[in-house]
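Please consult the sequence and the structure shown below while reading.

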Amino acid sequence: MLNKFVYNFFSCVCLCIILVLNCVYAQSPKINFTSLTSKDGLSSNIVTVILKDRYGLMWFATEDGLNKYDGTSFTVYRHSDTDTNSLPANDVISLHEDRAGNLWIGTNGGSLIVYDRKKDHFKRANSFAGFDAQNNVVRAICSDYLGRVWVSNYVGLSVLDPKTNRVWRPVLQPAGASESSDPVVQSIYEDSKRRMWIGTSDGLYLYNREENSFSYYRHYPAVASSLVGNAVRSITEDATGTIWIGTEQGLSM
């Protein structure tokens with residue numbers, strides 16, 4: 001008798017679970033996904049960055065080359081030892097299109113390059129006086145409203161001015177610190193108010209153009225309104241003007 005009761009009980013539980021799952025599925029909007037993989041021409045199935053440019057082209061950064069997609073087919077760009085205008089390295093880890101329509105590419109092992117649309121090849125950004133192209137891992141790229149390009153590598157943060165080919169090297173230093181903490185810059189973002197946000201391995205920096213200085217924000221365990229974590233990996237802004245900060249410990253806004 002007990003076994004029959006247990007059987008009926010678990011049968012009812014399973015039936016309830018199935019009904020709940022069916023209800024949730026029915027309420028979810030139906031979305032049909034189309035897959036594009038290496039079988040369709042993508043150079044690698046590990047896609048690290050996606051960018052849509054002003055011409056409607058889709059760019060996919062992968063660990064084995066850069067892909068341009070026109071809606072029907074892929075054009076794959078890879079490094080070639082015999083072509084100085086090819087990608088300097090196949091592992092592409094950052095992409096950015098500036099206000100002039102230039103496509104900036106950061107690689108792991110080949111530093112910073114710019115895509116020349118007219119010639120359909122790549123130019124190394126070694127013409128900027130003061131830019132350390134020898135540190136060849138470019139983690140983040142972002143341009144500001146003045147046309148300057150902010151670039152991070154393991155040496156630090158560099159601001160490139162395409163008009164003068166000069167480079168400014170900001171020092172990220174918390175107020176009151178005697179020496180630069182020299183954090184690794186992991187994300188760069190300009191918001192709708194033209195403010196530059198710098199996400200690092202040790203906190204968040206906000207650039208003050210009027211004073212040419214940085215405000216510093218970090219996590220403080222005793223302060224509930226501080227950042228949720230210090231390793232800032234991503235930054236964006238929503239339609240209401242709220243800045244979202246993605247860290248290794250969660251989200252802050």
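Two strands are taken to pair if DSSP finds at least two bridges between them. Helices (H or I, at least four residues) and strands (E, at least two) are DSSP runs, numbered from the N terminus.

## Basis of the model

The model is predicted: local features need pLDDT of at least 70, side-chain atom pairs count only at pLDDT 80 or more, and totals for chains, interfaces and linings use all residues. Residues are numbered from 1 along each chain as its sequence is written, and side-chain values use heavy atoms, with hydrogens and water left out.

Strand 11 spans residues 156-161, and five of its six residues are buried (under 20% relative accessible area, with exposed over 50% and partly exposed in between; 1.4 Å probe, protein chains only). Strand 10 (residues 149-153) runs antiparallel to strand 11 and is joined to it by five bridges. A hairpin with two residues between its strands is formed by strand 10 and strand 11.

Strand 11 also runs antiparallel to strand 12 (residues 166-168), with three bridges between them. Four residues separate the two strands of this hairpin, and Asn165 in the turn has a positive phi of about 60°. Val159 has a bridge partner in each neighbouring strand: Trp150 in strand 10 and Trp168 in strand 12.

## The largest pocket

A pocket is an open set of points on a 1 Å grid over the protein atoms alone, where a 1.4 Å probe fits, with protein on both sides within 12 Å along at least five of seven lines; lining residues have an atom within 4 Å of a point. Grid points are joined across faces, edges and corners, and a volume is the space filled by probe spheres set on the points.

The largest pocket holds about 360 Å³ of space. Its lining has 19 residues, with Leu95, His96, Ile141, Cys142 and Ile188 nearest the centre. Strand 5 (92-97), strand 9 (140-143), strand 13 (185-190) and strand 17 (232-237) each contribute at least two lining residues, and strand 5 gives the most, with five.

By class, this lining has nine nonpolar, five polar and five charged residues (nonpolar: Ala, Val, Leu, Ile, Met, Phe, Trp, Tyr, Cys and Pro; charged: Asp, Glu, Lys and Arg; polar: the others, Gly among them).

## The second largest pocket

The second largest pocket has about 310 Å³ of space. Among its 16 lining residues, Asn102, Val114, Tyr115, Asp116 and Lys123 lie nearest the centre. The elements that supply two or more residues to this lining are strand 7 (112-116) and strand 8 (121-124). Strand 7 provides the largest share, three residues.
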